[in-house]
Amino acid sequence: MAGISDSGDGEDVEHRLRSTALKMLARREHSRQEMFFKLIRRRFPEAVIDSVLTDFEAQGWLDDARFAEVYARQRRELNYGPLRIESELQQRGIGFVPEELKAMSDGDWVAHALDARKRRFGVGAQALEWDSKVRQARFLAQRGFTGEQAERALAVTAEGAE
């Protein structure tokens, strides 16, 4: 564009980037890595992205710890297991286990595995046949529960006996 100086262009790019990033954060929490890659896909310059994201962190608008807590809680409420939640957090650039997950006991996870199983398959009065048990165990493993958690959830019948 004729008549626009480089500094004016740079300010315009930064202004558009800040506006875009704030709109994304207004919709939901994001990790720094998620924001970075989303902004890269929109073809903003890396140096400007880093600068803006650092400023957002200083302002408290972007916080990986807060994102991890919110994300872990939402996934737990959807009956995903600890292995899957931790894996998804790592994919989003979170290299630590949030307190939300640390506070949960193995028994809590078994209860979530049982709830996921009940929602998907129901719980019969009799012990499971091998085919059904394998299918349900595979489902719980895909949801991110450990083998022991899945086993304990599969041992429950309609009477609640393990």
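Bear in mind that the model is predicted.

Start with R18 and D55. Their side chains meet in a salt bridge, 2.8 Å from N to O. This pair links distant parts of the chain. R18 sits in helix α1, residues 6-27. D55 sits in helix α3, residues 46-59. They are 37 residues apart. How exposed is each partner? R18 is partly exposed, at 23% relative accessible area. D55 is partly exposed too, at 25%. There is also a network here: salt bridges link E14, R18 and D55.

Next, E29 and R66. Their side chains form a salt bridge, again 2.8 Å from N to O. This one also joins distant parts of the chain, 37 residues apart. R66 belongs to helix α4, residues 64-77. On accessibility, E29 is partly exposed at 24%. R66 is partly exposed at 30%.

Last pair: R73 and E100. The closest N and O atoms are 3.8 Å apart. That still counts, because the cut-off is within 4 Å. R73 is in helix α4, and E100 is in helix α6, residues 99-102. The two are 27 residues apart.

Is E100 buried or exposed? E100 is buried, because its relative accessibility is 16% and buried means under 20%.

As background, side chains of opposite charge can pair when their charged atoms come close.

Methods
Residues numbered from 1 in each chain as written. Predicted model: local features only at pLDDT ≥ 70, side-chain atom pairs only at ≥ 80, totals over all residues. Heavy atoms only, no water. Helix = DSSP H or I, 4+ residues; strand = E, 2+ residues; numbered from the N terminus. Buried < 20%, exposed > 50% of the residue type's maximum accessible area, 1.4 Å probe, protein only.
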